[in-house]
Structures are given as structure tokens and as C-alpha cells.
Amino acid sequence: MTVRAILTLKGRDCVTIAPDATLAEAANLLFEHRIGALVITGPEHRVVGILSERDIVHQLSILGGGALTQPVASAMTREVVTCTEDETIPDLMQRMTTHRFRHVPVLDRGRLAGIVSIGDVVKHRVAELEREHDALKEYIATA
Ligand code: AMP
């Protein structure tokens, strides 16, 4: 199974924000969409950064409420780990575990084509385990 299976189910929409938006605007977007990270895009949908709720909390702990008027660019991570739709789900899980982050943007020919969160991966894995379990039960019942 590959990342494509997850995107086919959940869709390819990805909420983005500009690097010069404020952290208050970013927090509003996260809240509105009930998500944990935003991708920062430049020209031609190229990914230039990622901002997760943890980055906002980090800035708040340093600057207090004044953090909210700071630009997204001041808090985002610029070295973004991405994947493609052809990556296998076990490989993606491995990368998320190694790097200890919960979001991975998906690229298609260098352009943003979706995002996968640890929640999406876990949901997919649970469904897969349930299918295996049902298949085994049926096998035993009909053997
Ligand atoms: P998360 O666990 O996704 O909330 O993110 C934890 C930290 O890792 C934050 O500083 C994020 O900016 C950063 N981060 C999240 N996803 C990625 C990614 N795909 N590539 C690089 N850094 C990331």
C-alpha cells in the first residue's frame, strides 16, 4: 500500500499560508480547519516551509502574546521532509517516527499534491488490520 491509497480516500486538499501572514492568522486557520500544520508555499506551489501548532506554541513561550504578530516565516521549518504518492505507508511511518513529526506534505513533480498526517496513517493501518482480522476469521470459519 502506498501514500496514494490514503490520498484517494481523504482527498488532495492541503491548507496553505503565505510566509508573510502572521502567526495569529495561522492559528485561526489551524482552528478553522481543525488541523495541526500548514504548508507554506511560494511560486508555482513549491513548498518553502511547514508550520505546525508546536511552532506557534514555541514562539508564544519565547515572546508571549507578541508572538502572534510575527510573520509565519519567522517560525516555520524550512527544511521540509516530503514524500511522493508512490512511497509505501510503512516507509512513511518509519520516516515520521525517525524525525518525530506528524505531518508530511506530498509532492508531485515538485509541486504540492496533498498532505498526510500521523492520524491519517494510523486510521489507514487500523482499517488494514481490521480487514486482515475479518479475512482470517472467515478463513477459520470456512476451513
Ligand atoms: P509536528 O509533529 O508535525 O506538529 O511538527 C513538529 C516540528 O517538526 C515542528 O517544528 C514542525 O515545523 C516540524 N515539521 C513538521 N512536519 C515536518 C516535515 N514534514 N518536515 C520537516 N519538519 C516538519
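Q: What is a nonpolar core?
A: A nonpolar core is a set of buried Ala, Val, Leu, Ile, Met, Phe, Trp, Tyr and Cys residues joined through side-chain atoms within 4.5 Å. Buried means under 20% relative accessible area (1.4 Å probe, protein chains only). This is a predicted model: local features need pLDDT of at least 70, side-chain atom pairs count only at pLDDT 80 or more, and totals for chains, interfaces and linings use all residues. Residues are numbered from 1 along each chain as its sequence is written, and side-chain values use heavy atoms, leaving out hydrogens and water.

Q: Which residues have the most contacts inside the largest nonpolar core?
A: In soluble globular proteins, nonpolar side chains tend to be buried together. Here the largest core has 13 residues, and I17, A26, L51 and V72 have the most contacts inside it. Helix α2 (23-33) gives the most to this core, with four residues. Helices (H or I, at least four residues) and strands (E, at least two) are DSSP runs, numbered from the N terminus.

Q: In what order do the three strands of the open sheet stand?
A: Two strands pair if DSSP finds at least two bridges between them. The order is β1-β2-β3, with mixed pairing. β1 (16-17) and β3 (47-52) are at the edges with a single partner strand each, so one side of each lacks a neighbour in the sheet. β1 pairs with β2 (residues 37-41) in the parallel sense over two bridges. T16 stands opposite V39.

Q: How many residues lie between β4 and β5 in their hairpin?
A: Two, and R109 in the turn has a positive phi of about 50°. The pairing is antiparallel, over six bridges. V104 stands opposite V116. Six of the seven residues of β5 (residues 111-117) are buried, so the strand is largely enclosed by the rest of the structure.

Technical notes. Buried means under 20% relative accessible area, exposed over 50%, partly exposed in between (1.4 Å probe, protein chains only).
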